[in-house]
Amino acid sequence: MIFVRDLTTKEGNQLRHIIRKGSHPVKVRRAMVILASAQKMTVPNIARLYHLSEDHVRRLIHRFNKEGMKSLHPRYGGGRP
């Protein structure tokens, strides 16, 4: 089973703030996934709860473990130059 690393107090507060006051739906959804994982919810349960694929949830968790809060920002492709 995969879970997000232990969150610092600052990270936990930032995630809760994003969920409550966030205006960007992608960041809000990602913050909810990370907090659910921090509460030891399994990947299949998180995927079912938020209507996401299990692979996507795993990628979000791995990315957060690697990059931290920066991983919540969407990466938009530039498209054709």
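Trainee: Is Arg58 buried, exposed or partly exposed?
Mentor: Arg58 has 30% relative accessibility, so it counts as partly exposed. Keep in mind that this is a predicted model.

Trainee: Which residue forms a salt bridge with Arg58?
Mentor: Glu54 does. The closest N and O atoms of the pair are 3.4 Å apart.

Trainee: How far apart are Arg58 and Glu54 along the helix?
Mentor: They are four residues apart in helix α4, which covers residues 54–67. That puts about one helical turn between them.

Trainee: Which residues are linked with Arg58 in a network?
Mentor: Glu54 and Asp55. Salt bridges link these residues and Arg58.

Trainee: How many salt bridges are there by this rule?
Mentor: Five. The rule asks for a Lys or Arg side-chain nitrogen within 4 Å of an Asp or Glu carboxyl oxygen.

Trainee: OK, what does Arg5 pair with?
Mentor: Arg5 forms a salt bridge with Glu11. Their closest N and O atoms lie 2.8 Å apart.

Trainee: Where do those two stand on exposure, buried or exposed?
Mentor: Arg5 is partly exposed, with a relative accessible area of 30%. Glu11 is buried, with 11%.

Trainee: What about Arg75, which side chain does it meet?
Mentor: Glu67, in a salt bridge with an N to O distance of 2.6 Å. Arg75 counts as exposed, at 59% relative accessibility. Glu67 counts as partly exposed, at 28%.

Trainee: Switching to helix packing. At what angle do α3 and α4 cross?
Mentor: Roughly 110 degrees. Their axes come within 9 Å, and α3 spans residues 43–50.

Trainee: So are they roughly parallel or roughly perpendicular?
Mentor: Roughly perpendicular. The band for that label runs from 65 to 115 degrees, so the crossing angle falls inside it.

Trainee: Left-handed or right-handed?
Mentor: The crossing of α3 past α4 is right-handed.

Trainee: Which residues meet there?
Mentor: From α3, Val43, Pro44, Ile46 and Ala47. From α4, Glu54, Val57, Arg58 and Ile61. By class, the contact has six nonpolar residues, two charged and no polar.

Trainee: New topic. Where is Tyr50?
Mentor: In helix α3. Tyr50 is buried, with a relative accessible area of 17%.

Trainee: What does Tyr50 touch?
Mentor: Arg29, Met32, Val33 and Ala36. That list leaves out residues up to four places away in sequence.

Trainee: How far is Tyr50 from Arg80?
Mentor: They are 30 residues apart in sequence. In space, the C-alpha to C-alpha distance is 32 Å.

Trainee: Last one, Arg63. Buried or exposed?
Mentor: Arg63 is buried, because its relative accessible area is 17% and the cut-off is under 20%. Arg63 is found in helix α4.

Trainee: What is Arg63 in contact with?
Mentor: Arg30, Gly68, Lys70, Ser71, His73 and Arg75, leaving aside neighbours within four places in sequence. Arg75 is also the residue that meets Glu67 in a salt bridge.

Notes: Residues numbered from 1 in each chain as written. Predicted model: local features only at pLDDT ≥ 70, side-chain atom pairs only at ≥ 80, totals over all residues. Heavy atoms only, no water. Buried < 20%, exposed > 50% of the residue type's maximum accessible area, 1.4 Å probe, protein only. Helix = DSSP H or I, 4+ residues; strand = E, 2+ residues; numbered from the N terminus. Axes fitted to C-alpha atoms, helices over the stretch in contact; angles between N-to-C directions. Parallel < 35°, antiparallel > 145°, perpendicular 65-115°, else oblique. Left-handed = near helix turned anticlockwise from the far one by under 90°. Contact = heavy atoms within 4.5 Å. Nonpolar A, V, L, I, M, F, W, Y, C, P; charged D, E, K, R; others polar.
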